[in-house]
Amino acid sequence: MASKQMVHMNQGQGERSYVLGNAQQNRMKLLIEGAIIDLYSRTSTLLPEMMVIADLGCSFGPNSLSLVLVAVEAIHGYCLQFQQAPPELCVFLNDLPDNDFNTVVKSLVTLRRINDPVVVTGVAPGSFYERLFTSSSVHLVCSSSSLHWLSKVSEVLRRNQIPAYYINDHARREKLPMVLEAYAQQLRKDFRHFLELRAKELVTGGQMVVSIIGRHSDGIAPFHIWDILAQVLSIMASEGVIDKAKFDSFYVPVYGPSKDDLREIIQEEGSFSIKEFLVHDFLIDLDSALVTPSWIANQIRAVHEQIVVQHFGDVMDEFVRITERHWSLDTSLMQEEHVGLAMLTLSVTKA
Ligand SMILES: C[S@@+](CC[C@H](N)C(=O)[O-])C[C@H]1O[C@@H](n2cnc3c(N)ncnc32)[C@H](O)[C@@H]1O
């Protein structure tokens with residue numbers, strides 16, 4: 001289970017904290033505003049007197065509040081524009097129980113309003129691959145950059161001791177399609193289950209806006225979306241910094257789907273209809289001057305430090321040093337590594 005692995009991000013504002021995410025959250029703003037308008041137009045005969053909104057996979061950094069803040073402001077803005085009484089709002093933030101909810105709660109109280117319009121807040125710790133809310137109680141679900149985390153690594157790989165990433169180039173080229181298919185199967189199971197659960201929890205006409213780190217559909221050689229991490233760890237294993245057998249049993253429960261993958265799962269599951277589906281290059285919003293070897297190393301560290309340290313012990317300083325050395329040799333590699341990565345942003349309605 002992902003919850004048994006430490007999948008949460010590093011905390012704080014420093015160079016080791018996770019800062020990816022603002023760009024796609026800005027893109028989601030428009031979709032969230034559209035979802036609020038849809039919610040009101042679908043329920044126009046019986047305007048909701050209270051609404052529940054939730055962000056799943058909120059983490060605990062500066063990003064944790066941004067989606068629900070957009071939603072609250074969009075609801076209040078809509079009501080002001082159309083001269084309607086604002087609903088009472090209940091805002092929930094979700095992440096795995098190991099997340100730093102103390103920090104989340106401190107920021108969440110800033111949203112709380114005890115007078116008109118009432119906004120109450122809460123946390124919903126747990127996996128989004130389990131039930132989080134009561135039936136037909138939620139109006140809007142948001143989730144940013146979280147659903148590429150799987151509930152677990154494929155049993156097929158673990159049971160047969162098939163490494164996620166072969167150190168040997170030839171073996172890796174040969175095995176990677178099979179390895180990725182095992183990951184893709186797990187994503188199909190997980191994402192379908194996620195849709196089934198949210199379909200139970202959302203009201204009819206309820207809205208969901210999510211972004212997922214994934215891949216472009218065509219013409220790209222197979223890769224893990226955590227490829228850079230795997231590459232650097234494989235160098236560390238080759239140089240004896242970490243144990244090779246340990247490296248072979250290291251799996252990150254993350255898979256980046258394509259737009260076609262997600263569309264197929266949503267259509268097959270059948271509870272939701274797709275309203276908008278955007279695909280952007282992952283690096284498009286980044287200033288290329290920012291993307292230095294040291295920046296890459298610290299970003300990977302922020303996202304993966306917990307899971308790496310849990311498996312290998314504290315090898316992070318060495319990890320950063322080798323990442324910087326590896327990419328300083330050829331900076332164009334950094335762009336190539338990201339060329340297939342895409343940010344998938346979609347908005348769906350519960351039928
Ligand atoms: C990359 S962070 C995204 C944080 C924030 N939403 C953002 O856009 O910056 C992914 C978050 O998903 C959480 N996560 C991963 N698997 C999860 C699960 N099964 N249930 C709930 N949260 C999960 C992680 O703990 C982490 O905080």
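Q: What lies 3.3 Å from a polar atom of the side chain of aspartate 100?
A: That is the backbone nitrogen of asparagine 102. A polar contact is a pair of N or O atoms within 3.5 Å; within protein, one must be able to donate a hydrogen and the other to accept it, and residues adjacent in sequence count only if both atoms are side-chain atoms. A quick note on the model: it is predicted, so local features need pLDDT of at least 70 and side-chain atom pairs count only at pLDDT 80 or more, while totals for chains, interfaces and linings use all residues. Residues are numbered from 1 along each chain as its sequence is written, and side-chain values use heavy atoms, with hydrogens and water left out.

Q: Why is serine 64 called buried?
A: Buried means under 20% relative accessible area, exposed over 50%, and partly exposed in between (1.4 Å probe, protein chains only). Serine 64 has a relative accessible area of 2%, so it counts as buried.

Q: What is serine 64 in contact with, leaving aside its neighbours within four places in sequence?
A: Its partners are Asp55, Cys58, Ser59, Leu93 and Ser107, where contact means heavy atoms within 4.5 Å. A polar atom of the serine 64 side chain also lies 3.1 Å from the backbone oxygen of glycine 61.

Q: What makes aspartate 38 and lysine 275 a salt bridge?
A: The term asks for a side-chain nitrogen of Lys or Arg within 4 Å of a carboxyl oxygen of Asp or Glu. Here the N to O distance is 3.0 Å, so the pair qualifies.

Q: Which parts does this pair tie together?
A: Aspartate 38 lies in helix H1 (residues 22–42) and lysine 275 in strand S6 (residues 272–281), so the pair joins parts that are 237 residues apart in sequence. Helices (H or I, at least four residues) and strands (E, at least two) are DSSP runs, numbered from the N terminus.

Q: How many salt bridges does the structure hold?
A: There are 13.
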